[in-house]
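These are my notebook entries on a few local features that I looked up.

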Amino acid sequence: MESISRISNLLESARELTLDAAQAARSSRSTTRSLPTVQLKKLLDSRNDREVLDGLRRVISMMYRQQKTLPFFSSVVKNVASPNIEIKKLVYIYLIHHAEQEPDMALLSINTIQKSLSDSNPQVRALALRTMSGIRVPVISQIVSLAIKKGVVDMSPHVRKAAALAIPKCYRLEPNTSPQLLEYLATLLGDKQYFVAGAAVSAFMEICPDRVDLIHKHYRSLVKKIVDMDEWSQLSMLRMMSIYARKCFPRRTRSAKAKDKVADLQDFYGESASEPASEGEQVVVLDPDLVLLLNGIKPLLQSRNSGVVVAVARCYMDIGTSEYTKAAVGPLVALLRGAQDIQQIALYNIVSVCLAHPESFVKYASHFLVRATDTAPVWELKLEVLALIFPHSPLQTKSLILNELEHFARGTNKSLVREAVRAIGRCAQADPATAPRCMRLLLGQITSLDGTLAAESLTVIRHLIQQDPQAHVGTVVRLAKNLDSATDPQARATIIWLVGEFAGLNGEDNIAADVLRILLKEFADESEIAKRQIVLLAAKVYLHHLNREAEAQKSREVEEGQDPPPPNSEDHPIARLWNYVLLLVRYDTSYDLRDRARLYKALLSVPQLATLMLLAPKPAPQAPSPSETRRGFSLGSSALVLAGGGGVHGLRGYEPLPDWVEEGREPDPKLRNTEGAKVEYGDEKRVVPATQMLGDAGSMGQAGRSNGMSAATGTGAKTLDDWLAEDEDEGDNAEEEESEEEEEEESEEEESEEDEEEEDDESDQESDDAKAELEGFLSR
């Protein structure tokens with residue numbers, strides 16, 4: 001009968017599975033079709049699990065399609081006590097979504113969820129804890145806290161992970177439960193399961209990121225577990241460890257000796273190119289625990305998650321040294337193989353690292369060449385990287401970069417042309433040796449029909465001329481000759497300004513006055529920006545004329561010793577040009593231009609003041625990298641991407657890392673030494689692990705042997721060399737025992753021979769005595 005009942009049960013199970021499979025296949029095609037409310041409630045109130053499951057799937061589908069599902073609340077929630085785990089999951093999803101709208105009805109299901117916390121299935125317990133913490137009703141905060149307390153000591157690691165993830169939810173629900181939650185969190189941080197510890201670290205970063213005292217005794221174990229954690233936990237872990245390192249490890253430096261060499265991670269492969277540190281140079285001395293962290297996160301550079309790679313690079317930038325940062329350069333460049341959105345974010349971080357360590361990216365220069373499929377933000381960042389690594393590159397790479405920039409400077413995309421010309425200017429400023437070639441490239445562009453290209457080229461040329469004015473007098477003359485062919489207003493204004501800056505050279509032999517004469521012929525047809533520069537040029541030319549007249553008058557006074565009559569300066573051609581400019585501007589339609597002319601006229605009435613205002617030496621303009629405004633923001637942060645040029649403080653919510661702790665104020669390093677600490681429980685009976693029992697047995701068995709090992713050393717602590725040495729010692733002992741046994745046998749044989757000889761002597765003596773007695777008796 002047992003076999004028949006077993007077969008019938010199997011058939012029933014097979015039938016149920018077949019019906020479930022058919023129901024699932026049918027529901028996948030028809031779930032999107034909504035049913036009437038009455039029919040749907042009938043499915044939810046059914047006693048058949050398949051029908052209830054079908055009804056719940058339809059309700060959840062309606063919920064995610066933004067349809068009204070609140071009328072089914074009572075019908076759905078009453079299924080929370082169902083033993084079917086699939087039904088429980090769907091009910092919990094519905095309950096979390098609608099608990100805030102129906103808090104009273106949601107509270108009715110809390111008792112049933114609490115009972116599920118004691119279920120034999122760990123999946124059910126974890127699901128119940130997750131659901132209870134997800135119900136955002138402040139009244140149940142203490143109940144949630146008790147549920148977390150129960151989950152913290154659960155035997156299943158999945159339940160403990162759910163408890164860790166529930167801690168931030170409970171804290172947001174009721175911040176007053178913080179003391180209890182910190183106790184639970186301190187326990188979970190020391191969990192042996194890496195995914196439980198990872199969830200605890202995420203909760204730690206959300207509710208108490210400044211409580212580094214909770215991390216001390218778990219620091220080394222967490223560093224060892226970070227490689228096995230999931231990506232989200234790794235991100236939280238890396239952020240937490242960066243804060244911990246800043247607060248617990250002071251930044252120590254020492255003067256390098258001549259024999260010291262900078263540590264490089266590539267020394268093992270013989271590829272290090274680092275030079276010995278010069279004597280007296282300050283070298284960073286890292287704490288051993290910090291070195292443990294920096295070396296422990298190095299495998300994460302090979303992570304499939306780009307966020308983890310960027311987070312490791314951030315750690316190396318914030319708490320490591322330049323050698324560790326160089327190790328992260330390759331994985332960062334490898335992110336450029338991803339999608340365009342990943343490329344853009346990766347390039348923002350690459351540029352930030354390149355601002356501090358440009359020489360590390362030189363060998364990857366070919367990865368930053370612009371492609372036809374690159375979007376505007378991508379090629380802008382690529383051109384910026386090429387300009388940053390240009391001064392640190394070999395001649396071959398410099399030639400490649402300049403050819404690349406020259407090619408795009410002659411393109412049709414105006415934005416790309418502008419950025420390429422600006423990049424050429426930055427390259428010329430960064431490396432004076434290549435400035436002549438860059439100048440030739442730019443001078444070839446000023447006659448271009450593209451006004452944007454000509455204007456940008458002239459702006460960059462102006463910056464280069466201001467770097468060394470005396471060496472570019474001929475360049476200014478060449479630019480003045482091209483005024484007729486320059487049509488762009490900005491380009492003409494730039495050339496006129498440069499002519500005015502050189503108006504004081506060679507006295508009256510300067511070309512500035514003649515250039516002014518030619519420009520005044522078509523003054524009315526010029527653009528307003530060019531008219532401003534023409535008026536400024538006229539003021540400078542006239543001022544130089546006044547200064548020369550004053551110097552000539554002083555020299556005549558010194559020679560003749562009397563006051564000569566002042567010459568009539570109004571008859572000079574330069575004075576006539578100045579008066580002509582004033583007449584032209586007086587009737588111009590631009591009030592700004594008329595105001596400028598009146599200002600210059602009043603200023604020139606006092607030549608000394610005008611000299612200070614108009615002829616003051618101008619500082620050489622610098623063209624910093626566009627991402628200089630992002631310097632200082634943490635890698636991987638939104639502020640690094642979105643706050644470029646948006647202010648000093650970045651986005652709201654951005655929190656920079658704390659400063660390094662001062663030496664002498666750091667926590668005691670002994671707080672992290674937890675390996676040797678043992679807890680004694682007195683005479684209480686406790687469970688001893690099997691490995692410890694085997695180790696104790698091995699150590700007791702070896703206590704009597706003369707193998708040179710301590711009696712307290714366990715079996716598992718021996719190495720192969722120890723075992724071989726022990727075998728050799730045992731062999732020597734066996735040989736000694738054999739030799740001792742042979743010596744004992746020989747001594748025993750000798751003793752037995754001596755005993756036999758003594759016995760023979762005694763027997764001979766007894767026989768002699770007997771003969772003597774017999775002879776004496778016969779003689780009588």
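I looked up glutamate 359 and found it partly exposed, because its relative accessible area is 39%, where under 20% is buried, over 50% exposed and the range in between partly exposed (1.4 Å probe, protein chains only). Glutamate 359 sits in the loop between H18 and helix H19 (376–389). Its C-alpha atom is 8.9 Å from that of leucine 388, which lies 29 residues away along the chain.

I noted that this is a predicted model, in which local features need pLDDT of at least 70 and side-chain atom pairs pLDDT 80 or more, while totals for chains, interfaces and linings use all residues. Residues are numbered from 1 along each chain as its sequence is written, and side-chain values use heavy atoms, without hydrogens and water.

I next examined helix H24 (residues 473–481) and helix H25 (residues 489–501), which pack at about 140° with axes 10 Å apart. H24 and H25 are therefore oblique, the term for angles that are not under 35 degrees (roughly parallel), over 145 (roughly antiparallel) or 65 to 115 (roughly perpendicular).

Last, I turned to the largest pocket, whose volume is about 720 Å³. A pocket is an open set of points on a 1 Å grid where a 1.4 Å probe fits, with protein on both sides within 12 Å along at least five of seven lines; lining residues have an atom within 4 Å of a point. Of its 30 lining residues, Arg239, Arg314, Gly636, Ser637 and Ser638 are the closest to the centre.

Terms used: Grid points are joined across faces, edges and corners, and a volume is the space filled by probe spheres set on the points. Helices (H or I, at least four residues) and strands (E, at least two) are DSSP runs, numbered from the N terminus. Axes are lines fitted to C-alpha atoms, for helices over the stretch in contact, and angles run from 0 to 180 degrees between N-to-C directions.
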